[in-house]
Amino acid sequence: MPDFTNLLSIAVTLYVVGATIFIVSENRRPQSSFAWLFLFFTLPVVAPVLYVLFGRMRGGVGRTRTLTRHDLPGHLVQTLDRLQAEHVRAIEDLAGWHYPRDRLARMIHSNSNVYVTLSNRVELLQDASRQYPRLMDDLRAARSSIHLQYYIWENDTVSAEFEAILIERAAAGVEVRLLYDPVGSIGSFGPFRQRASRAAGIDVRPYSPLWRVHTISYRNHRKIAVIDGRIGHTGGLNIGKQHLDPGRGFARWRDTNLRLEGAAVLALQGVFAIDWSNATRERLLGPEYFPEAPPLDDNLPVQLCLSGPDSEWRAVRQQYFAMIVGARRRVRVQTPFFILDDTVMEALKAAALAGVDVSVMISARGPGQHVPYWAANTFKAEAAEAGVEVLLYEDGYLHAKTVTVDGEVASVGSGNWDIRSFSINYELNALVYDARLAGDLEAAYDADRAACRVFDADAYRALPFWMRLRDSAARLVSPLM
């Protein structure tokens with residue numbers, strides 16, 4: 001009869017060798033590989049489950065690369081040809097500025113396959129108190145289609161107000177589609193609510209059902225609204241009462257969104273159409289969804305940056321990295337989270353050490369979250385020691401995800417400064433190559449300074465050892481966040 005101890009030793013050896021070969025062969029960043037190996041060796045039963053749920057590097061939910069020009073109807077081919085010509089002209093217009101905007105635009109076109117569009121109007125909307133009324137007015141004016149996609153769509157009085165508008169528009173013959181993330185919106189759309197919404201004319205769908213546990217970590221974090229293919233909204237805001245009245249010890253919810261008109265809305269509609277197709281297998285490619293953009297007087301370059309687990313490149317991370325390394329004068333960043341990989345951290349530190357005025361504004365704390373903010377303390381200290389100004393926003397919860405560089409280019413979107421947004425989530429940022437909008441965002445940044453305190457690296461080093469050890473322990477698992 002086989003000796004049980006020997007069998008156990010063989011099984012453990014095979015497990016260790018197999019896990020090591022498997023993780024090492026994925027060619028992750030060394031920090032991430034060591035973190036997963038640590039979990040596999042210390043939690044041999046739990047770690048494989050965590051890996052299936054949260055650790056896989058590729059795959060995702062979508063099949064974004066299966067749609068080619070050969071699959072498109074003629075009107076969309078003509079639209080793409082027109083946008084391509086506009087993109088070429090935009091790249092020429094972007095060259096020659098103090099900041100290398102043309103180089104950034106070329107990179108984003110390569111990693112996100114999105115053109116720079118010129119014929120646009122952009123409106124900056126700070127906070128839900130301005131964004132929600134503007135969005136509601138646009139929804140009420142819809143005539144043909146409403147397409148909404150949100151990470152969080154709450155079940156509360158604010159979402160009910162939005163849904164009343166959607167029901168009224170659906171009754172008037174408008175096509176209404178709502179795509180939500182089932183993790184971000186967990187508990188919001190039970191079977192009864194979904195049936196009631198569909199009966200009222202709102203086609204409500206989850207991006208990826210929760211029963212698909214192998215994709216549960218691939219969250220669709222994008223925020224998109226497209227009305228009649230002509231007006232778009234995107235940024236950091238979800239839909240819910242919390243954004244007007246955060247409660248739980250927060251005085252306000254600080255966020256930033258953009259309202260778009262023009263050719264950029266066609267790109268936003270394209271993102272929604274692909275995500276909707278991935279979730280439902282329904283193709284939204286008709287001319288009613290992609291109308292010809294009206295001529296606008298504004299010559300305003302706008303480009304979308306897309307990233308996700310099914311993308312070849314880490315586009316949002318590359319966007320932030322390129323924006324920083326191209327800076328000559330100043331960088332301004334607003335983000336609720338600050339958990340960086342070596343690439344982005346080195347870019348921040350190198351810019352500051354080179355004399356660039358680098359300032360990062362981070363939420364001092366988060367609603368119901370502790371570990372990410374403990375880990376962030378170590379990254380704050382590292383950045384501050386290199387000369388990065390680190391500001392902690394204390395007048396509520398800072399949820400905005402904005403970047404401005406040299407007063408010449410601005411980014412507003414869904415991408416946080418953390419590993420999840422860099423590598424795992426589906427994200428969307430809108431880049432506006434415009435000094436006026438960048439100036440407006442910088443002015444808002446300066447106004448927010450009054451609600452901040454400066455992070456002091458020396459004071460942090462003087463904290464009790466157990467607090468810094470707690471933060472360092474949280475940093476150990478930050479590659480998995």
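**Helix pairs and a buried glycine**

Modeller: In this predicted model, the axes of helix α5 (residues 101-112) and helix α10 (residues 315-325) come within 10 Å and cross at roughly 170 degrees.

Biologist: Why are α5 and α10 called roughly antiparallel to each other?

Modeller: Angles over 145 degrees count as roughly antiparallel. The angle here is roughly 170 degrees, and α5 and α10 are therefore roughly antiparallel. On the α5 side, the contact is made by L104, M107, I108, N111 and S112, and on the α10 side by A315, Q318, Q319, A322 and M323. These residues divide into 6 nonpolar, 4 polar and no charged.

Biologist: How do you know that α10 and α11 are roughly parallel to each other?

Modeller: The axes of α10 and helix α11 (residues 342-353) lie 9 Å apart, and the helices pack at an angle of about 10 degrees. Angles under 35 degrees count as roughly parallel, and α10 and α11 are therefore described in that way. Their crossing is left-handed. R317, F321, I324 and V325 of α10 meet T343, V344, A347, L348 and A351 of α11. This contact comprises 7 nonpolar residues, 1 polar and 1 charged.

Biologist: What makes G366 count as buried or exposed?

Modeller: Buried means under 20% relative accessible area. G366 has 9% relative accessibility and therefore counts as buried. G366 is found in the loop between β11 (357-363) and α12 (371-385).

Biologist: Which residues does G366 touch, not counting those up to four places away in sequence?

Modeller: G366 touches F250, Y373 and Y397.

Key
Residues are numbered from 1 along each chain as its sequence is written. This is a predicted model: local features need pLDDT of at least 70, side-chain atom pairs count only at pLDDT 80 or more; totals for chains, interfaces and linings use all residues. Side-chain values use heavy atoms; hydrogens and water are left out. Axes are lines fitted to C-alpha atoms, for helices over the stretch in contact, and angles run from 0 to 180 degrees between N-to-C directions. Helices (H or I, at least four residues) and strands (E, at least two) are DSSP runs, numbered from the N terminus. Angles under 35 degrees count as roughly parallel, over 145 as roughly antiparallel, 65 to 115 as roughly perpendicular and the rest as oblique. Contact means heavy atoms within 4.5 Å. Ala, Val, Leu, Ile, Met, Phe, Trp, Tyr, Cys and Pro count as nonpolar, Asp, Glu, Lys and Arg as charged, and the others, Gly among them, as polar. A crossing is left-handed if the near helix is turned anticlockwise from the far one by less than a right angle, and right-handed if clockwise. Buried means under 20% relative accessible area, exposed over 50%, partly exposed in between (1.4 Å probe, protein chains only).
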